[in-house]
Amino acid sequence: MRILPASNVGVLISGRGSNMLVILDAQARGELPGVVRTVVSSVGSARGVLAAHGRGVPVAIHSYRNYPNQTAFDEAILETLRRAEVEVVVLAGFMRVLGNRFVTEFANRIINIHPSLLPAFPGLDPVRQALEYGVRVSGCTVHFVDEGTDTGPIIAQAVVPVLPDDTHETLAARILEQEHRLLPQALGWLLSGQLEIVDHRVIVHSS
Ligand code: GRF
(Lines give C-alpha, C1' and ligand atoms only; values in the text may rest on other atoms or scores of the structure.)
Protein backbone atom coordinates (compact mmCIF):
# COMPACT_ATOMS: atom_id res chain seq x y z
CA MET A 1 0.00 0.00 0.00
CA ARG A 2 1.43 3.36 -1.09
CA ILE A 3 1.09 6.01 1.64
CA LEU A 4 -0.38 9.23 0.27
CA PRO A 5 1.54 12.49 0.69
CA ALA A 6 0.68 14.61 3.73
CA SER A 7 1.71 17.91 5.23
CA ASN A 8 0.49 18.43 8.79
CA VAL A 9 2.64 16.88 11.49
CA GLY A 10 2.08 16.33 15.22
CA VAL A 11 5.10 15.49 17.37
CA LEU A 12 4.62 13.59 20.63
CA ILE A 13 7.35 13.91 23.28
CA SER A 14 7.99 13.17 26.94
CA GLY A 15 11.47 14.57 27.56
CA ARG A 16 14.33 16.60 26.23
CA GLY A 17 12.86 16.93 22.74
CA SER A 18 16.08 16.95 20.72
CA ASN A 19 14.50 14.84 17.96
CA MET A 20 11.54 17.24 17.88
CA LEU A 21 14.01 20.11 17.51
CA VAL A 22 15.80 18.60 14.52
CA ILE A 23 12.41 18.28 12.80
CA LEU A 24 11.64 21.94 13.58
CA ASP A 25 15.13 22.89 12.36
CA ALA A 26 14.55 21.04 9.08
CA GLN A 27 11.22 22.85 8.72
CA ALA A 28 12.86 26.23 9.43
CA ARG A 29 15.47 25.54 6.72
CA GLY A 30 12.68 24.71 4.28
CA GLU A 31 13.88 21.11 4.11
CA LEU A 32 10.79 19.43 5.57
CA PRO A 33 7.96 18.82 3.11
CA GLY A 34 5.43 19.61 5.83
CA VAL A 35 4.64 21.69 8.91
CA VAL A 36 4.62 20.80 12.60
CA ARG A 37 1.14 21.90 13.67
CA THR A 38 1.35 20.89 17.29
CA VAL A 39 3.53 19.22 19.91
CA VAL A 40 1.98 17.02 22.57
CA SER A 41 3.92 16.20 25.73
CA SER A 42 2.98 13.54 28.27
CA VAL A 43 5.16 15.38 30.81
CA GLY A 44 4.40 19.00 31.69
CA SER A 45 7.90 19.74 32.93
CA ALA A 46 9.67 18.16 29.94
CA ARG A 47 12.53 20.23 28.54
CA GLY A 48 11.04 19.79 25.08
CA VAL A 49 7.94 21.75 26.11
CA LEU A 50 10.00 24.89 26.66
CA ALA A 51 11.94 24.29 23.47
CA ALA A 52 8.73 23.99 21.44
CA HIS A 53 7.35 27.17 23.05
CA GLY A 54 10.62 28.87 22.11
CA ARG A 55 9.96 27.98 18.47
CA GLY A 56 6.40 29.27 18.63
CA VAL A 57 4.83 25.84 18.14
CA PRO A 58 1.57 25.15 20.02
CA VAL A 59 2.11 22.63 22.83
CA ALA A 60 -0.55 20.57 24.60
CA ILE A 61 0.20 18.70 27.82
CA HIS A 62 -1.59 15.39 28.30
CA SER A 63 -0.34 13.66 31.40
CA TYR A 64 -1.53 10.06 31.71
CA ARG A 65 -2.35 10.46 35.38
CA ASN A 66 -4.96 13.11 34.60
CA TYR A 67 -7.12 10.57 32.76
CA PRO A 68 -9.09 7.64 34.18
CA ASN A 69 -7.83 5.11 31.64
CA GLN A 70 -5.93 4.51 28.40
CA THR A 71 -8.98 5.20 26.22
CA ALA A 72 -9.55 8.63 27.77
CA PHE A 73 -5.84 9.46 27.45
CA ASP A 74 -5.79 8.41 23.79
CA GLU A 75 -8.98 10.32 23.06
CA ALA A 76 -7.61 13.54 24.61
CA ILE A 77 -4.49 13.40 22.45
CA LEU A 78 -6.52 12.47 19.37
CA GLU A 79 -8.74 15.47 19.95
CA THR A 80 -5.71 17.79 20.10
CA LEU A 81 -4.35 16.27 16.89
CA ARG A 82 -7.70 16.48 15.10
CA ARG A 83 -8.09 20.11 16.06
CA ALA A 84 -4.65 20.85 14.64
CA GLU A 85 -5.59 18.89 11.50
CA VAL A 86 -2.62 16.61 11.99
CA GLU A 87 -2.16 13.92 9.34
CA VAL A 88 1.13 12.35 10.44
CA VAL A 89 2.26 11.65 14.01
CA VAL A 90 5.90 11.40 15.07
CA LEU A 91 6.75 9.72 18.37
CA ALA A 92 9.99 11.44 19.34
CA GLY A 93 10.92 10.12 22.75
CA PHE A 94 7.27 9.64 23.72
CA MET A 95 7.34 7.37 26.74
CA ARG A 96 3.68 6.29 26.93
CA VAL A 97 1.92 3.48 25.13
CA LEU A 98 -0.83 4.43 22.69
CA GLY A 99 -3.95 2.26 22.50
CA ASN A 100 -5.30 0.43 19.48
CA ARG A 101 -7.91 3.07 18.87
CA PHE A 102 -5.17 5.65 18.40
CA VAL A 103 -3.14 3.42 16.11
CA THR A 104 -6.23 2.63 14.02
CA GLU A 105 -7.14 6.29 13.53
CA PHE A 106 -3.62 7.06 12.29
CA ALA A 107 -2.96 3.72 10.59
CA ASN A 108 0.35 3.86 8.68
CA ARG A 109 0.68 7.51 9.68
CA ILE A 110 2.57 7.19 12.97
CA ILE A 111 6.34 6.78 13.06
CA ASN A 112 8.62 6.17 16.02
CA ILE A 113 12.36 6.55 16.59
CA HIS A 114 13.87 3.77 18.68
CA PRO A 115 17.52 3.68 19.75
CA SER A 116 18.35 0.09 18.79
CA LEU A 117 18.48 -2.01 15.66
CA LEU A 118 15.01 -3.51 15.86
CA PRO A 119 13.88 -6.22 16.23
CA ALA A 120 16.74 -6.36 18.76
CA PHE A 121 16.04 -4.70 22.11
CA PRO A 122 12.46 -3.43 21.86
CA GLY A 123 10.82 -1.74 24.83
CA LEU A 124 12.44 0.21 27.61
CA ASP A 125 16.08 1.37 27.72
CA PRO A 126 17.40 -0.36 24.58
CA VAL A 127 20.83 1.24 25.09
CA ARG A 128 21.22 -0.56 28.44
CA GLN A 129 19.90 -3.76 26.88
CA ALA A 130 22.50 -3.55 24.09
CA LEU A 131 25.35 -2.91 26.53
CA GLU A 132 24.27 -5.74 28.83
CA TYR A 133 23.93 -8.17 25.93
CA GLY A 134 27.40 -7.30 24.68
CA VAL A 135 26.53 -6.65 21.03
CA ARG A 136 29.31 -5.14 18.88
CA VAL A 137 26.97 -2.89 16.94
CA SER A 138 23.73 -1.17 17.80
CA GLY A 139 22.03 1.86 16.27
CA CYS A 140 18.59 3.28 15.72
CA THR A 141 15.43 2.48 13.82
CA VAL A 142 12.60 4.60 12.43
CA HIS A 143 9.50 2.46 12.00
CA PHE A 144 5.77 2.68 11.50
CA VAL A 145 3.82 2.16 14.71
CA ASP A 146 1.39 -0.74 14.85
CA GLU A 147 -0.43 -2.35 17.79
CA GLY A 148 2.71 -4.06 19.11
CA THR A 149 5.66 -2.62 21.01
CA ASP A 150 8.28 -1.48 18.48
CA THR A 151 7.06 -4.09 15.98
CA GLY A 152 5.85 -2.02 13.00
CA PRO A 153 7.40 -2.00 9.50
CA ILE A 154 10.93 -0.58 9.45
CA ILE A 155 11.52 2.56 7.37
CA ALA A 156 15.20 3.27 8.06
CA GLN A 157 18.05 2.12 10.28
CA ALA A 158 21.54 3.36 11.09
CA VAL A 159 24.32 1.24 12.57
CA VAL A 160 26.51 2.52 15.39
CA PRO A 161 29.51 0.55 16.71
CA VAL A 162 29.58 -0.35 20.40
CA LEU A 163 33.07 0.47 21.67
CA PRO A 164 34.78 -1.50 24.46
CA ASP A 165 34.79 1.44 26.87
CA ASP A 166 31.28 2.67 26.04
CA THR A 167 29.05 3.75 28.89
CA HIS A 168 25.31 4.23 28.60
CA GLU A 169 25.98 7.94 28.13
CA THR A 170 28.60 7.66 25.38
CA LEU A 171 26.71 5.02 23.38
CA ALA A 172 23.36 6.84 23.72
CA ALA A 173 25.03 10.07 22.52
CA ARG A 174 26.55 8.37 19.46
CA ILE A 175 23.21 6.76 18.61
CA LEU A 176 21.40 10.08 19.11
CA GLU A 177 23.57 11.70 16.41
CA GLN A 178 22.25 9.12 13.97
CA GLU A 179 18.66 9.55 15.21
CA HIS A 180 18.93 13.24 14.37
CA ARG A 181 19.93 12.39 10.81
CA LEU A 182 17.51 9.51 10.28
CA LEU A 183 14.25 10.86 11.71
CA PRO A 184 13.86 13.99 9.52
CA GLN A 185 14.89 11.95 6.49
CA ALA A 186 12.29 9.22 7.13
CA LEU A 187 9.63 11.80 7.96
CA GLY A 188 10.40 13.60 4.70
CA TRP A 189 9.90 10.36 2.75
CA LEU A 190 6.57 9.77 4.48
CA LEU A 191 5.31 13.32 3.90
CA SER A 192 6.35 13.27 0.24
CA GLY A 193 4.45 10.07 -0.41
CA GLN A 194 7.61 8.07 -1.12
CA LEU A 195 6.78 5.12 1.14
CA GLU A 196 4.96 1.94 0.28
CA ILE A 197 4.21 -0.89 2.69
CA VAL A 198 4.17 -4.36 1.16
CA ASP A 199 3.33 -7.00 3.75
CA HIS A 200 5.68 -5.96 6.56
CA ARG A 201 8.32 -4.39 4.35
CA VAL A 202 8.72 -0.73 3.46
CA ILE A 203 9.76 0.30 -0.03
CA VAL A 204 11.26 3.80 -0.37
CA HIS A 205 10.47 5.22 -3.80
CA SER A 206 12.73 7.92 -5.25
CA SER A 207 9.78 10.26 -5.83
C1 GRF B 1 15.78 9.11 21.94
O2 GRF B 1 16.91 8.32 22.14
C3 GRF B 1 14.69 8.27 21.36
O4 GRF B 1 15.14 7.33 20.45
C5 GRF B 1 14.16 7.59 22.57
O6 GRF B 1 14.15 8.57 23.57
C7 GRF B 1 15.16 9.53 23.27
C8 GRF B 1 14.49 10.85 23.16
O9 GRF B 1 15.38 11.90 23.01
N10 GRF B 1 12.89 6.97 22.31
P11 GRF B 1 14.85 13.36 22.72
O12 GRF B 1 13.71 13.63 23.72
O13 GRF B 1 14.35 13.39 21.31
O14 GRF B 1 16.00 14.25 22.95
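User: Ala, Val, Leu, Ile, Met, Phe, Trp, Tyr, Cys and Pro count as nonpolar, Asp, Glu, Lys and Arg as charged, and the others, Gly among them, as polar. How do the residues of the lining of the largest pocket divide?
Analyst: This is a predicted model, in which local features need pLDDT of at least 70 and side-chain atom pairs pLDDT 80 or more, while totals for chains, interfaces and linings use all residues. Residues are numbered from 1 along each chain as its sequence is written, and side-chain values use heavy atoms, without hydrogens or water. A pocket is an open set of 1 Å grid points over the protein atoms alone where a 1.4 Å probe fits, with protein on both sides within 12 Å along at least five of seven lines, and lining residues have an atom within 4 Å of a point. The largest pocket is lined by 40 residues, which divide into 17 nonpolar, 15 polar and eight charged.

User: Which helix supplies the largest share of the lining of the largest pocket?
Analyst: Helices (H or I, at least four residues) and strands (E, at least two) are DSSP runs, numbered from the N terminus. The elements supplying at least two lining residues each are α1 (18-28), α4 (100-105), β5 (110-114), α5 (126-133) and α6 (168-191). The largest share, six residues, comes from α6.

User: Which residues lie nearest the centre of the largest pocket?
Analyst: The ligand sits in this pocket. Nearest the pocket centre are G93, F94, M95, I113 and H114.

User: What is the make-up by class of the shell around the ligand?
Analyst: The residues around the ligand (a heavy atom within 4 Å) are R16, G17, S18, N19, G93, I113, P115 and E179. By class, this shell has two nonpolar, four polar and two charged residues.

User: Which peptide bond is cis, with omega near 10 degrees?
Analyst: The proline concerned, P119, is in the loop between β5 and α5. The cis bond runs from L118 to P119.

User: What is the phi of N108, a residue other than glycine?
Analyst: N108 is in the loop between α4 and β5. Its phi is positive, near 60 degrees.

Conventions. A molecule sits in a cavity or pocket if more than half of its atoms lie within 2 Å of its grid points.
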